[in-house]
Amino acid sequence: MNSFAGRALVVALLTAAPFAALAQDSGQGAWTKAGPVEARLVSSARAVGDLDALPLGLELRLEPGWKTYWRSPGDAGYPPRLDWSGSTNLKDATLSYPAPHRFSVLGFESAGYDVETLLPLRAVPQTPGKPLDLALSADLLVCSDICVPQTVKLTLALPAGPAQPGDSANDVARAQSLVPRVGALGGAGLVSVASVRGAGDALEIEATATDGFVSPDVFVETDPPLSFTAPKAVFSDNDKRVRLTLRASDPPKDLDLAGRAVTVTLVDGARAVETPAAVAPLAGAVAGRGLFAMLGVALLGGVILNLMPCVLPVLSLKLLSVIKHGGRATGAVRAGFLASAAGILTSFLLMASALVAVKAAGGAVGWGIQFQQPLFLVFMVVLVTLFSANLWGLFEVPLPRALADRLAGDGLAGPFATGAFATLLATPCSAPFLGTAVGFALAKGPVEIYAIFAALGVGLALPYLLVAAWPRVAAWLPRPGRWMARLRAAMGVALAATALWLLSVLVAQIGEAAAGGVAALMIGLVAALWLGRRLPQRSGWAGPALAGGLALTAFALPLAVGPSAGAAASTSEAANRWTPFAESAIREHVAAGRVVFVDVTADWCITCQANKKLVLNRGTVAERFADPALIAMRADWTRPDEAIARFLADHGRYGIPFNIVYGPGAPQGIALPELLGEAAVIEALNQASKRS
């Protein structure tokens with residue numbers, strides 16, 4: 001009996017040995033089970049050959065309802081912990097992670113794998129060509145309704161010899177393809193991360209997909225680690241663009257994600273990209289963030305807007321309005337100024353309505369974009385010219401006198417129109433705080449847009465409201481007299497200068513010839529008004545002359561802006577040191593060690609022109625721009641441009657001027673304030689040029 005048992009044992013061992021050897025020769029280790037998980041080591045090659053590194057895999061199978069964890073598990077769990085200390089001829093082994101799945105349970109978010117997965121490994125032999133004996137002790141946390149730590153001990157022996165493909169070669173290659181590729185911020189690819197912005201515990205990630213998104217998800221890693229909520233997605237551009245918003249779970253006190261280094265893993269089905277980034281400030285980020293805090297910012301921005309260069313002509317109208325009210329009854333003064341404030345508020349709310357409608361239709365929205373439309377510019381030229389003529393006293397014939405009564409009469413229509421006019425001329429400017437407030441509003445929904453624009457209107461209307469609250473201020477002003485005629489003439493000249501500026505903007509839109517035609521028509525209109533004023537009223541020439549001038553203007557304006565609207569005049573301002581804007585080239589320049597200064601500007605933006613004249617085109621800044629290692633890009637937004645609008649939106653901006661500096665020391669860019677200063681520009685250039 002004992003002899004029979006011994007012979008049977010020998011036969012069994014001899015029979016099992018070839019199968020064990022066959023398993024090892026196939027590049028697959030034996031399965032080892034530990035509770036609800038079983039695991040094994042597999043190799044793409046049957047032998048080590050002369051490879052410097054061998055592609056391997058840690059293959060896991062989990063029972064239904066169980067999962068294990070990614071390298072950043074989320075609210076709970078821990079990643080696999082691997083101990084290779086029992087291996088022979090192993091120098092190093094690196095574990096990679098395929099794109100994870102999200103698990104949401106009772107408000108807790110975690111990331112990992114279920115059912116089955118293969119984690120790619122890269123094993124580097126101590127001595128290539130010699131046998132590699134792998135011994136792995138893997139600590140895994142597997143969870144279902146409960147979590148159970150498990151330890152599996154695995155082995156795999158790879159002999160010397162040719163590195164022929166093993167049975168798991170395709171599985172390892174497939175697992176490697178599921179590891180997110182590393183892509184730069186704003187880079188190209190099937191899916192890519194365009195921008196990462198944050199404020200406080202909030203994070204906003206813009207991403208693009210060449211073929212459109214299906215079910216995008218994002219996983220964010222920080223140091224020290226933070227957990228984040230599941231993202232909320234808002235799609236645009238036919239699902240080719242998505243904005244993902246998420247928040248840190250249980251954030252530490254005074255957390256501010258702006259400026260923090262993060263790793264963003266964007267996943268959409270089998271497509272995934274891993275992008276390291278520095279979190280840029282989120283538009284509208286201020287202390288005590290939220291709508292109420294931003295309303296205060298908008299109010300301040302509207303007040304400062306009164307002092308911007310593009311509103312100076314309107315300030316002149318305000319001055320004349322105040323002087324005209326000197327000595328009048330308190331009630332009349334209050335009513336007039338309240339009517340002007342109402343004109344401003346109404347105009348801002350109308351702008352908000354237009355922006356809400358355009359945004360809902362998927363169009364580009366921004367502050368001052370109406371100045372990109374030639375017909376609007378022509379309308380403004382006509383309106384400003386009429387205001388100038390009114391201040392010069394040229395409205396003396398019956399038809400324009402009715403218009404004059406509307407624009408500058410004693411009723412409430414005149415002050416209301418003045419307020420609306422103030423708003424129209426204010427929109428090309430982006431005052432400090434205004435850009436932040438508008439960016440916050442346009443990145444949100446209709447409620448925020450209406451609220452912010454109402455606050456902006458109150459800020460711009462504040463001088464009127466203050467006089468309405470204390471009408472006796474008007475009594476302190478000098479009484480009307482002959483000196484007002486000279487002042488009115490001077491203010492008319494100021495408005496005429498505004499009309500000339502609008503015409504210069506129109507040149508960039510429709511060309512010199514068409515803009516010159518509009519200018520000639522305006523000169524003809526003023527001449528007709530002057531003749532109507534000079535010729536005796538009884539001659540009957542005044543009315544027909546003015547009516548003829550207005551009719552000629554109405555007939556010729558469509559002809560002027562129509563055929564030439566597609567031809568933009570070349571801007572003489574483009575100096576040799578400025579290159580056209582190309583967002584795709586920014587990363588290439590930064591990678592080559594160069595600094596890139598981007599100036600988003602437009603001919604209709606007076607603040608932009610002031611920045612150029614006072615800072616960018618003079619002194620130390622101009623000298624720095626002459627450096628061959630500095631690339632100065634100019635993005636001209638005088639006319640609509642989708643790429644520029646998208647670039648602004650990616651940085652949370654919806655108005656100009658916008659200036660940003662990129663470089664080795666600032667790959668995500670350093671945004672500058674709306675009003676530039678030489679010191680701020682030089683400091684940003686110096687910081688961006690630093691190498692880590």
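This predicted model holds one disulfide, which joins C143 to C147 with an S to S distance of 2.0 Å. A disulfide is a covalent bond between the sulfur atoms of two cysteines. The torsion about the S-S bond of C143 and C147 is about 115°, so this disulfide is right-handed.

E221 counts as buried because its relative accessible area of 15% falls under 20%. The side chain of E221 makes a polar contact with the side chain of R71, at 2.8 Å. Leaving aside residues up to four places away in sequence, E221 touches W70, R71 and S72, and also A261, V262, T263 and T265.

On the surface, V105, L106 and F108 form a nonpolar patch, and together these residues have about 370 Å² of accessible area. F108 belongs to strand β8, which spans residues 108–114, and F108 counts as exposed because its relative accessibility of 52% is over 50%.

The table sets out the accessibility of the residues described above.

| Residue | Relative accessible area | Class |
|---|---|---|
| E221 | 15% | buried |
| F108 | 52% | exposed |

Terms used
Residues numbered from 1 in each chain as written. Predicted model: local features only at pLDDT ≥ 70, side-chain atom pairs only at ≥ 80, totals over all residues. Heavy atoms only, no water. Disulfide = S-S within 2.5 Å. Buried < 20%, exposed > 50% of the residue type's maximum accessible area, 1.4 Å probe, protein only. Polar contact = N/O pair within 3.5 Å; in protein donor to acceptor, adjacent residues only side chain to side chain. Contact = heavy atoms within 4.5 Å. Patch = residues over 30% accessible without salt bridge, like charges linked within 9 Å, V, L, I, M, F, W, Y side chains within 5 Å. Areas by Shrake-Rupley, 256 points an atom, 1.4 Å probe, with all protein chains shown as cover. Salt bridge = Lys/Arg side-chain N within 4 Å of Asp/Glu carboxyl O. Helix = DSSP H or I, 4+ residues; strand = E, 2+ residues; numbered from the N terminus.
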